[in-house]
Amino acid sequence: LSPGGEFAFIIFKLAEDLGVLPTNVAELLSTSVILSMALSPFIERFAQFAGDELDRLVSSGSSDGADDDFVATLFERVDADSSGTIDVDELRVYLLAERRPG
């Protein structure tokens, strides 16, 4: 939501004024935009850090291949539609399934 944050406030207010959104829903959506805008720089920094660390680990060549096989297997399990990417819904379904006992 962050890239269109300023525009979202206008749309939410307009929808509220026109009676399309109840006030509490408009406020909740506005809060989510504020949080998204506030957290985006931190998420970007973390993603850069994580990517740099992964690059460092891969380039160090210290892996015996077992970790690579584990990651590939895990990726295939989470990527339910075999699209080559993991979207939020696939991750959510996987995490919820892992939490179930038995």
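**Salt bridges, helices and surface of the predicted model**

Asp 89 forms a salt bridge with Arg 92, with 3.4 Å between the closest N and O atoms; a salt bridge is a side-chain nitrogen of Lys or Arg within 4 Å of a carboxyl oxygen of Asp or Glu. The model is predicted, so local features need pLDDT of at least 70 and side-chain atom pairs count only at pLDDT 80 or more, while totals for chains, interfaces and linings use all residues. Residues are numbered from 1 along each chain as its sequence is written, and side-chain values use heavy atoms, with hydrogens and water left out.

Asp 89 and Arg 92 both belong to helix 4 (residues 88–99), where they are three residues apart, about one turn of the helix. Helices (H or I, at least four residues) and strands (E, at least two) are DSSP runs, numbered from the N terminus. Asp 89 has 46% relative accessibility and therefore counts as partly exposed, and Arg 92, at 43%, counts as partly exposed. Under the thresholds applied, buried means under 20% relative accessible area, exposed over 50%, and partly exposed in between (1.4 Å probe, protein chains only). At the start of helix 4, a side-chain oxygen of Asp 87 comes to within 3.1 Å of the backbone nitrogen of Asp 89. The 12 residues of helix 4 should span 16 Å at 1.5 Å a residue, in agreement with the 17 Å between its end C-alpha atoms; the expected span is 1.5 Å times one less than the number of residues.

The structure holds two salt bridges. Asp 17 and Lys 13 are separated by about one helical turn because they are four residues apart in helix 1 (residues 5–17). Asp 17 counts as exposed at 54% relative accessibility, whereas Lys 13 is partly exposed, with a relative accessible area of 45%.

Leu 35, Leu 39, Phe 42 and Ile 43 make a nonpolar surface patch of about 430 Å². Patch residues have over 30% relative accessible area and no salt bridge, with nonpolar side chains (Val, Leu, Ile, Met, Phe, Trp, Tyr) joined within 5 Å and like charges within 9 Å. Leu 39 lies in helix 2 (residues 23–60) and, at 44% relative accessibility, counts as partly exposed.

The protein chain comprises four helices and zero strands. Of its 102 residues, 13% count as buried.

Notes. Areas by Shrake-Rupley, 256 points an atom, 1.4 Å probe, with all protein chains shown as cover. Polar contact = N/O pair within 3.5 Å; in protein donor to acceptor, adjacent residues only side chain to side chain.
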